[in-house]
Amino acid sequence: MTLVSCWAEALSKAVSKFEGQVSVTWKPYQIDPGTNIEGETFDDYCQRRWGGSGWTSHLRTEGSKDGAAFADWKWWPNTLKAHQLIRYASKECDNTSASNAAIFEALYEEGENISDVDVLIKIGKEKLGLEEGPLRLYLQGNQGAKDVLEEIDEGRRRYKIRGVPFFVIEGEETTTTPYGISGAHVPETFLDIFEEISEKE
């Protein structure tokens, strides 16, 4: 998970236009693992790290084109717990796109601090249909944290991921060399890759 709700929309548009079948799985990544575990206010974090939030102007402009308004972005979260929620939800419904979309909406459009366990439980209950009791035990017991961190390390080792967004696109055949592309891209870029992989299989 990262600051890519607008780029997620670009990928989603490409998937909907492609005539073949595409399965999307989100993998964890932390931009700044040193973020306060309880999260930091957006303004304070940007001021501390970059001297201001001017860098988000382009992000907001591009996001608005794809329906990502960033209307109430108040927090810069430590995303470890949110990744744990996504991992838990994937075992219940096998849909990482739905859980990521719910978290993006809460963070960017509803002003929620997704570092907070109670906020994540609310997301899980109201948006993902998860039972509160088992989810609370999972998050408060810090279950899944080790697995999340290991996945992040694997991405760094295997694909040399050093920033986000980063997309790994591969075919169903194990002999197909995967494409690894970083940065923001328009839907047509993804479509071209989908079609090229499809022709090889």
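Start by selecting Ile121, which touches Glu132, Leu135, Arg136 and Leu139, leaving aside residues up to four places away in sequence; contact here means heavy atoms within 4.5 Å. This is a predicted model, in which local features need pLDDT of at least 70 and side-chain atom pairs count only at pLDDT 80 or more, while totals for chains, interfaces and linings use all residues. Residues are numbered from 1 along each chain as its sequence is written, and side-chain values use heavy atoms, with hydrogens and water left out.

**Stop 1: Ile121 and helix 6**

Ile121 is in helix 6, residues 117–128. Helices (H or I, at least four residues) and strands (E, at least two) are DSSP runs, numbered from the N terminus. Is Ile121 buried or exposed? Ile121 is buried, with a relative accessible area of 2%. Buried means under 20% relative accessible area, exposed over 50%, and partly exposed in between, with a 1.4 Å probe and protein chains only.

**Stop 2: helix 5**

Stay with Thr96 and select helix 5, residues 96–109. Helix 5 has 14 residues and reaches 19 Å from its first C-alpha to its last, close to the 20 Å expected at 1.5 Å a residue. The expected span is 1.5 Å times one less than the number of residues in the helix. Among the buried residues of helix 5 are Thr96, Asn100, Phe104 and Tyr108.

Zoom in on Asn100, which has a relative accessible area of 1% and is therefore buried. What does the side chain of Asn100 reach? The side chain of Asn100 comes to 2.8 Å from the backbone oxygen of Thr96. Then move to the end of the helix: helix 5 is followed by Gly111, whose phi is positive, near 70°.

**Stop 3: helix 7**

Select helix 7, residues 132–140. Which residues of helix 7 are buried? They are Leu135, Tyr138 and Leu139. Seen down the axis of helix 7, these residues fall within an arc of 90°, so they line one face of the helix. The arc is that of the directions from the helix axis to the C-beta atoms. An α-helix has 3.6 residues a turn, so residues three or four places apart point the same way.

Helix 4 and helix 6 are among what covers the buried residues of helix 7. Turn the view to the other side of helix 7 to find Leu137 and Gln140, which are exposed.

Next, select Asn142, in the loop between helix 7 and helix 8. Phi of Asn142 is near 60°, a positive value in a residue other than glycine. At 40% relative accessibility, Asn142 counts as partly exposed.

**Stop 4: helix 8**

Select helix 8, residues 145–159. Helix 8 has 15 residues and spans 21 Å from first C-alpha to last, close to the 21 Å expected at 1.5 Å a residue. The buried residues of helix 8 are Ala145, Val148, Ile152 and Gly155. They cover an arc of only 90° around the axis, which puts them on the same side of helix 8. What covers them includes helix 4, residues 80–93. The face turned away from the buried side carries the exposed residues Lys146, Arg157 and Arg158.

**Stop 5: the loop after helix 8**

Just after helix 8, Lys160 takes a positive phi of about 60°. Lys160 is in the loop between helix 8 and strand 3, and is exposed, with a relative accessible area of 57%. Pro165 is found in the loop between helix 8 and strand 3. A cis peptide bond joins Val164 and Pro165, with omega of about 5°.

**Stop 6: the largest pocket**

Finish by selecting Ser23, Val24, Thr25, Val168 and Ile169, which lie nearest the centre of the largest pocket. About 1,300 Å³ of space lies in this pocket, and 37 residues line it. On a 1 Å grid over the protein atoms alone, a pocket is an open set of points where a 1.4 Å probe fits, with protein on both sides within 12 Å along at least five of seven lines; lining residues have an atom within 4 Å of a point. Grid points are joined across faces, edges and corners, and the volume is the space filled by probe spheres set on the points.

Which helix gives the most to the lining of the largest pocket? Helix 8 does, with six residues. Helix 1 (5–17), helix 8, strand 3 (166–169) and helix 9 (187–200) each supply at least two residues of the lining.

Terms used
Polar contact = N/O pair within 3.5 Å; in protein donor to acceptor, adjacent residues only side chain to side chain.
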